[in-house]
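The sequence and the model are shown first.

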Amino acid sequence: MKLFESISHVEINEATMILIGIMLLLGAMAKWRMFVKADQPGLAAIVPGWDLIVTLRMVGRPDWHIVLFFVPIVNIYFLFKLLIEIAQSFGKYTLVDYIFAVVFNVFYLLNLGLAFNEYYYGPVYGRSVEEIRSRKAIATA
């Protein structure tokens, strides 16, 4: 019982609040630029729920897949899968890219959104890797 009492009195200092605010701002900026590159509305990046639907559309998934985020355990797998599909939509297919997309999510998305040499190649859900890579080869040729 003593353990729960100590957890309920956790204080967040000003520096932590500023750091959280900066991370939220960076995340919104990264999503905004990424959405604009994918010809999606940038405003969706700051509206909870809508941003998830736009992300699903960006990778080619149907809107009803948002329900998978409400299923325990499945939501964790699905989040990782969605992050990898975002990387694939921008032409990233290596294991290193997948690890960066999952571990350094905000910074990886910020790089995809702000880098001038990163392009959106279209949705990847339901398509083979060969088809996606050929689309990238045609776009860069």
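With which side chain does the side chain of Glu118 make a polar contact?

## Basis of the description

The model is a predicted one, in which local features need pLDDT of at least 70 and side-chain atom pairs count only at pLDDT 80 or more, while totals for chains, interfaces and linings use all residues. Residues are numbered from 1 along each chain as its sequence is written, and side-chain values use heavy atoms, with hydrogens and water left out.

## Glu118 and its surroundings

The partner is Lys92, whose side chain lies 3.0 Å from that of Glu118 in a polar contact (a pair of N or O atoms within 3.5 Å; within protein, one must be able to donate a hydrogen and the other to accept it, and residues adjacent in sequence count only if both atoms are side-chain atoms). Glu118 belongs to the loop between helix H6 (105–114) and helix H7 (129–140), where helices (H or I, at least four residues) and strands (E, at least two) are DSSP runs numbered from the N terminus.

With a relative accessible area of 10%, Glu118 is buried; buried means under 20% relative accessible area, exposed over 50% and partly exposed in between, for a 1.4 Å probe and protein chains only. Leaving aside residues up to four places away in sequence, Glu118 touches Lys37, Phe90, Lys92, Asn111 and Leu112, contact being defined as heavy atoms within 4.5 Å.

Gly91, in the loop between H4 and H5, is likewise a buried residue, at 6% relative accessibility. Its C-alpha atom is separated by 6.6 Å from that of Tyr121, although Gly91 and Tyr121 are 30 residues apart along the chain.

The axes of H2 and H6 come within 8 Å and cross at roughly 40°, axes being lines fitted to C-alpha atoms, for helices over the stretch in contact, with angles running from 0 to 180 degrees between N-to-C directions. H2 and H6 are therefore oblique to each other, given that angles under 35 degrees count as roughly parallel, over 145 as roughly antiparallel, 65 to 115 as roughly perpendicular and the rest as oblique. On the H2 side the contact includes Met23, Leu26 and Met34, and on the H6 side Leu109, Leu110 and Gly113 are among the residues met. By class, the residues of this contact divide into 11 nonpolar, two polar and two charged (Ala, Val, Leu, Ile, Met, Phe, Trp, Tyr, Cys and Pro count as nonpolar, Asp, Glu, Lys and Arg as charged, and the others, Gly among them, as polar).

For helix H2 (residues 14–37) and helix H3 (residues 50–59), the axes come within 11 Å and cross at roughly 40°, which makes H2 oblique to H3. Lys31, Met34 and Phe35 of H2 and Asp51, Val54, Thr55 and Met58 of H3 make the contact, a set of four nonpolar, one polar and two charged residues.

## Met34 and the chain as a whole

Met34, in helix H2, is buried, with a relative accessible area of 1%. Apart from residues up to four places away in sequence, Met34 touches Met58, Ile86, Phe90, Leu109 and Gly113. In H6, the buried residues are Tyr108, Leu109, Leu110, Leu112 and Gly113, and what covers them includes H2, helix H4 (74–89) and helix H5 (95–103).

The protein chain has seven helices and zero strands, and of its 141 residues 32% count as buried. Among contacts between residues at least 6 apart in sequence, 48% join residues at least 24 apart.
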